[in-house]
There are 2 protein chains.
Amino acid sequence: MDIQIIGYIAAFCTSLSFLPQAVKVIKTRNTDSLSLSMYSVFSFGVLLWLIYGALLGDMPMIVANTITLLFALIILAMKVHHRVQKLRYQQQD
Amino acid sequence: MDIQIIGYIAAFCTSLSFLPQAVKVIKTRNTDSLSLSMYSVFSFGVLLWLIYGALLGDMPMIVANTITLLFALIILAMKVHHRVQKLRYQQQD
């Protein structure tokens, strides 16, 4: 079996795995147990992978990391939104 | 700047970013907003990246994905543990 196929399946899994998390966060509006620092550092790391793939001209890396970055940023935005909301409520109390 | 450095920083960020999530899950014992399917598919994908890196003999990929897999499996185990506990409580009710 061509080694590259393993790489493509790996990229497919690690990229699309963030879709169910993004859907869950959007549906439940619950981000309590998600780590803000994880998604901040992770999104930055994926952005670097995307730049790295672009510099190498490696299309699978570009596609996989674009998808992952999209989902990671959706989750990060929801987490930041809830954290800001929480701070506002605490100030009003 | 050597392109490889971007790859190393990216690997460092995406691997270690799961550490704060693992710590948060262990501390708070709250995995409600985490997606079981995300961590199942993600862990499988990272395992494939690890095999892919081993077949290529690519040490940074091996190291980065071993770390990521370790943290992802900790989080997955906690999520599965809580899901099993929840099912038990529901059966007792």
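Where in chain A does A:Ser35 lie? The place of A:Ser35 is the loop between α2 (18-28) and α3 (36-56) of chain A; helices here are DSSP runs (H or I, at least four residues), numbered from the N terminus.

## About the model

This is a predicted model, in which local features need pLDDT of at least 70 and side-chain atom pairs count only at pLDDT 80 or more, while totals for chains, interfaces and linings use all residues. Residues are numbered from 1 along each chain as its sequence is written, chains are lettered from A in the order in which they are written, and side-chain values use heavy atoms, with hydrogens and water left out.

## A closer look at A:Ser35

A:Ser35 counts as buried because its relative accessibility is 3% (buried means under 20% relative accessible area, exposed over 50%, partly exposed in between, with a 1.4 Å probe and protein chains only). The side chain of A:Ser35 reaches the backbone nitrogen of A:Met38 at 3.0 Å.

Leaving aside neighbours within four places in sequence, A:Ser35 is in contact (heavy atoms within 4.5 Å) with B:Pro20, B:Gln21 and B:Lys24.

## Where the chains meet

In total, 35 residues of chain A are in contact with 35 residues of chain B. About 3,000 Å² is buried between the two chains, and carbon and sulfur atoms give 74% of that (buried area is the accessible area, 1.4 Å probe, that two parts lose on being put together, summed over both). On the chain A side, A:Ser33, A:Met38 and A:Tyr52 lose the most area to chain B, together 19% of what that side buries.

Key
Helices (H or I, at least four residues) and strands (E, at least two) are DSSP runs, numbered from the N terminus. A polar contact is a pair of N or O atoms within 3.5 Å; within protein, one must be able to donate a hydrogen and the other to accept it, and residues adjacent in sequence count only if both atoms are side-chain atoms.
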